[in-house]
Amino acid sequence: MVPTIFAAIVPSVLSTAAEVQERTAPHTVRLRALTTSLVLLLALALASCGAAISALVAYRNTALLVGLAFAGAWLLPAGAAWAPCVLTPIVMWLVGTGPQGRVEGWTLLLLPGSVTYASLISAAVLALAVTGYVARGARI
Amino acid sequence: MNITGLIARRSLGRTAFPAFLALAVLNTLLRSMTWRHEWMWAVYQYNFTVMLLGPLLAGIAGWEGYRLAKAQEFLLSHRRPIALLATATAALWAWCAAAFLLGLIMVGGIVAGSGTPWQVGVQELVTPVPALLLLLAECAAGVVAGWLSGSKLAPPLAAITVFLATLLLYAGNLSAFVMVGGATSSLVGLAPKMATQTWQSLFFVLTAALVILAGTWLATWYRTPRWPVMGAAVLATAAVAVQLATVSPIYLERREGDVVCHGASPQICLGRSYQHFEPHLRQALSPFIHAIDKIGFQAPVSYRQDAHISQPGTAQLGLDTVTGNKELLADMILGTYYGPDCTIEPQSQMEKNYTNARYYLAQAAGIPSDNDDPTLDPRLVRGSAHERTMVAHQAFAGLIACRG
């Protein structure tokens with residue numbers, strides 16, 4: 001839940017970095033890259049705090065949720081930018097779990113760290129979303 | 001300018017409607033549909049969708065409130081702040097409720113498409129009401145959170161807060177404040193308590209009203225509504241909350257007439273919506289009963305879907321056995337002989353008894369069986385008719401002895 005709360009505020013941070021003064025700055029891409037670096041550094045620190053249980057799962061889940069937050073800011077209107085990173089864990093947890101702790105294959109956040117494709121997809125989502133945001137900025 | 005009309009027409013709910021609908025549909029399609037033979041179970045289980053819709057609605061409501069907050073001075077100049085917040089809440093909720101009801105119609109289609117007879121009464125029709133009103137309260141809370149905070153953080157935090165609060169209340173002693181549906185097993189012979197549903201509905205409506213009043217009250221520096229109105233709203237909500245906090249944590253009650261019995265030898269008692277399985281089930285039971293009679297024991301005389309447990313003479317029909325699955329019927333019948341307290345240890349005499357008895361029933365009903373099972377008595381496979389009867393008799397006697 002902690003990575004979700006962190007990811008939930010990321011779209012607001014990104015949209016603040018895209019307000020009028022920032023949009024008229026001479027190097028907007030540089031500003032967005034700086035914002036992204038700060039957010040990713042904070043995310044890394046946060047994931048490290050939760051690494052006592054399973055380092056890989058903490059990094060993977062934080063990467064996926066922060067990636068979804070960047071994707072929301074990049075692709076969705078500001079009013080809905082928070083939705084992917086907040087709703088994804090809720091849906092995965094409520095819909096993708098079964099009796100005796102069984103989880104569906106699509107619940108990436110709930111899979112053990114040994115599942116390679118979950119880590120690959122999370123990394124791909126983060127990379128794609130960050131690239132999209134840095135190149136195009138947040139939707140206002 | 002008609003501000004309230006404008007707010008209603010430009011509600012974010014219209015934009016968010018596809019998301020509401022997608023969530024309701026996915027929550028139904030991605031889950032097991034074991035409820036498809038029961039109208040009440042289907043409706044009650046569908047109500048669980050509010051666990052997903054609630055956070056999304058609260059988040060979008062938070063953004064709606066934030067939008068209104070940006071124009072707070074202008075909007076308050078019209079001196080109708082209650083109507084304003086109430087309209088914003090009602091418009092958004094109406095879109096979410098429409099998506100919820102469309103999803104419910106889809107669930108109804110699945111139940112009807114499964115061959116379940118049409119048996120929708122007042123209880124089925126009113127069961128979604130508390131769920132819809134819970135959404136109303138969550139929507140009002142989201143709108144007011146955005147309206148009062150004027151922050152872009154209100155939407156995600158409202159969504160997360162609603163989810164966590166629902167989850168914590170669900171798991172705790174105060175589940176009556178959020179428990180509007182969700183059942184993992186059949187509701188044959190049961191229905192949600194109408195009294196609890198009524199208190200819940202009242203509480204959710206009062207909470208929504210109180211939250212809107214509070215939103216107005218705080219934004220206008222206590223001018224509107226006046227103190228007595230606010231005090232009365234708090235008292236009414238608190239009184240209903242106390243009542244709700246003290247209701248029994250058992251939300252279901254016996255539904256008279258929901259289980260109908262047929263025949264006498266054996267008697268088969270099924271939920272009303274399962275009646276069409278009765279002829280097929282009776283036919284499927286016939287070879288088992290005949291085989292048990294043949295070895296000198298009495299087969300269960302009653303097969304009940306509302307039985308709490310299988311016991312001598314009465315078998316508990318489950319969702320799989322009611323449709324005539326022969327393998328599970330064999331297990332169910334054997335369960336009436338040895339009971340739930342008897343353990344079957346590997347290599348034990350009880351295991352041999354169970355294997356022999358089950359093989360005997362399987363052969364009688366034409367169920368494919370493993371002839372090479374090392375625990376199986378070879379006389380059941382290759383012995384004379386007399387030997388087979390004798391071994392089966394001993395096996396059943398062993399099962400009964402295990403019950404004690």
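Student: Which strands does helix 12 of chain B lie across?
Tutor: This is a predicted model, and in it helix 12 (residues 278-294) of chain B lies across strand 3, strand 4 (267-271) and strand 5 of chain B. The helix runs at about 145° to strand 4 of chain B.

Student: And what does helix 13 of chain B touch?
Tutor: Helix 13 (residues 326-338) of chain B packs on the sheet, where it touches strand 5 and strand 6 of chain B. Its direction makes about 130° with that of strand 6 of chain B.

Student: OK, so what's the strand order in that sheet?
Tutor: The order is 3-4-5-6 in chain B, an open sheet of four strands with mixed pairing. Strand 3 (259-262) and strand 6 (314-316) of chain B are the edge strands, each pairing on one side only. From one strand to the next, the twist averages 20°.

Student: Strand 5 and strand 6 of chain B: parallel or antiparallel?
Tutor: Parallel: strand 5 (residues 302-304) and strand 6 of chain B pair over three bridges. In strand 6 of chain B, B:Gln316 is the residue opposite B:Arg304.

Student: Switching to helix pairs. At what angle do helix 2 and helix 4 of chain B pack?
Tutor: At about 170°, with the axes of helix 2 (residues 12-29) and helix 4 (residues 50-70) of chain B 10 Å apart. An angle over 145 degrees counts as roughly antiparallel, and that is therefore how these two helices of chain B run relative to each other.

Student: Which residues meet there?
Tutor: From helix 2 of chain B, they include B:Leu12, B:Ala16, B:Phe20 and B:Asn27. Among those of helix 4 of chain B are B:Leu53, B:Ile60, B:Trp63, B:Glu64 and B:Arg67. By class, this contact of helix 2 with helix 4 of chain B has 11 nonpolar residues, one polar and two charged.

Student: Now chain A. How do the axes of helix 1 and helix 4 of chain A cross?
Tutor: They cross at roughly 25°, and the axes of helix 1 (residues 2-16) and helix 4 (residues 55-75) of chain A come within 9 Å. That makes the two helices of chain A roughly parallel. The crossing of helix 1 past helix 4 of chain A is right-handed.

Student: And what makes that contact?
Tutor: Helix 1 of chain A contributes residues including A:Pro3, A:Phe6, A:Val10 and A:Leu14, while A:Leu65, A:Val66 and A:Phe70 are among those from helix 4 of chain A.

Student: How many charged residues are in it?
Tutor: None: the contact of helix 1 with helix 4 of chain A has 11 nonpolar and two polar residues, and no charged ones.

How values were computed:
Residues are numbered from 1 along each chain as its sequence is written. Chains are lettered from A and ligands numbered from 1 in the order in which they are written. This is a predicted model: local features need pLDDT of at least 70, side-chain atom pairs count only at pLDDT 80 or more; totals for chains, interfaces and linings use all residues. Side-chain values use heavy atoms; hydrogens and water are left out. Axes are lines fitted to C-alpha atoms, for helices over the stretch in contact, and angles run from 0 to 180 degrees between N-to-C directions. Angles under 35 degrees count as roughly parallel, over 145 as roughly antiparallel, 65 to 115 as roughly perpendicular and the rest as oblique. A crossing is left-handed if the near helix is turned anticlockwise from the far one by less than a right angle, and right-handed if clockwise. Contact means heavy atoms within 4.5 Å. Ala, Val, Leu, Ile, Met, Phe, Trp, Tyr, Cys and Pro count as nonpolar, Asp, Glu, Lys and Arg as charged, and the others, Gly among them, as polar. Two strands pair if DSSP finds at least two bridges between them.
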